[in-house]
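Visitor: I would like to go through this structure by question and answer. Please show it to me.

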Amino acid sequence: MLMPANFAPTSLDHVALWVDERDPLAAFLCDHLGMHLIEETDTFTLVGIDAKLGKLTLFDADGPRQRGALDRVVLRVNDLDAVLESLPFDVGRRSDGIAAFEAPAGVPLGLVEADGQDFDLDHVVLGLEDPEGALAGFEQLGFERRSGNGSLSVDDRELRVVRGSPADGGRPLLNHLALLVEDAHGVQDEAEDAGLEIDDVKDAKNTFAVFLRGPEGVRIEYVEHKPGFALV
């Protein structure tokens, strides 16, 4: 199946999580990882370094949560040693250069030294039962395949898939991955024409979003920023 034209995203916009410790996690991200509060409601908190860069959305949920398909969310920094020295606990680098740790609410985070804006999204790692099948499926949903390393990209951010066995306990951490698109209504129309299952549609003040189910049940949001997008 060829990727519908309107599915072509311009960015990996955010990663949405279900968490049972929303306030402690948001405080950690803002106090130690350079983010700030972008939006907060009764049910979710949106944090990031800028509303138009990579962000994290934290939804309230009952705990305890399970990692499920979420292996890790990795943020980029220009000076990893300096950031590690500023953290309130010790974190070492793995052989792949990533400093991996568990944030409040059991969220698996990582830091990697890379060019770009400090604490922007660098990549997300999913652990799925059929990595090759998942890569092919995500490619049809708008991600660009990269050769040889089990990853896909959207602009300068990556989705990596490794082999895993997500526990089916009904309380995963991952809510969805969000792709920024120019025309989410076009995504909806083309998904319906292709017979794809639309999981949800949300028309909010600043955004219009369409949700589809990807490989192994991973939800993908296609979000369009409305004219006058006002988050800061």
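**Burial, pairing and charge**

Guide: Arg-76 is buried, with a relative accessible area of 3%. Buried means under 20% relative accessible area, exposed over 50%, and partly exposed in between (1.4 Å probe, protein chains only). This is a predicted model, in which local features need pLDDT of at least 70, side-chain atom pairs count only at pLDDT 80 or more, and totals for chains, interfaces and linings use all residues. Residues are numbered from 1 along each chain as its sequence is written, and side-chain values use heavy atoms, with hydrogens and water left out.

Visitor: Which residue forms a salt bridge with Arg-76, with the closest N and O atoms 2.9 Å apart?

Guide: A salt bridge is a side-chain nitrogen of Lys or Arg within 4 Å of a carboxyl oxygen of Asp or Glu. At 2.9 Å between the closest N and O atoms, the pair of Arg-76 and Asp-156 forms one. Arg-76 lies in strand β5 and its partner in the loop between β10 (151-154) and β11 (157-163), so the pair ties together parts that are 80 residues apart in sequence. Strands (E, at least two residues) and helices (H or I, at least four) are DSSP runs, numbered from the N terminus; the partner asked for is Asp-156.

Visitor: Is Asp-156 buried or partly exposed?

Guide: The relative accessibility of Asp-156 is 42%. Asp-156 therefore counts as partly exposed.

Visitor: How many residues of strand β7 are buried?

Guide: Strand β7 spans residues 107-113 and is largely enclosed by the rest of the structure. Five bridges join β7 to β5 (residues 70-77), running parallel, and five join β7 to β6 (residues 99-103), running antiparallel. Two strands pair if DSSP finds at least two bridges between them. Of the seven residues of β7, the number buried is six.

Visitor: Which residue in the turn of the β6 and β7 hairpin has a positive phi?

Guide: The hairpin of β6 and β7 has three residues between the strands. Ala-103 has Val-107 in β7 as its bridge partner. The positive phi, about 70°, belongs to Ala-105.

Visitor: Is Glu-158 buried or partly exposed?

Guide: Glu-158 forms a salt bridge with Arg-160, with 2.7 Å between the closest N and O atoms. Arg-160 is partly exposed at 30% relative accessibility. Glu-158 has 9% relative accessibility, so Glu-158 counts as buried.

Visitor: How many salt bridges does a search of the whole structure find?

Guide: One of them joins Lys-202 and Asp-200 (3.3 Å, N to O). The search of the whole structure gives a total of 15.
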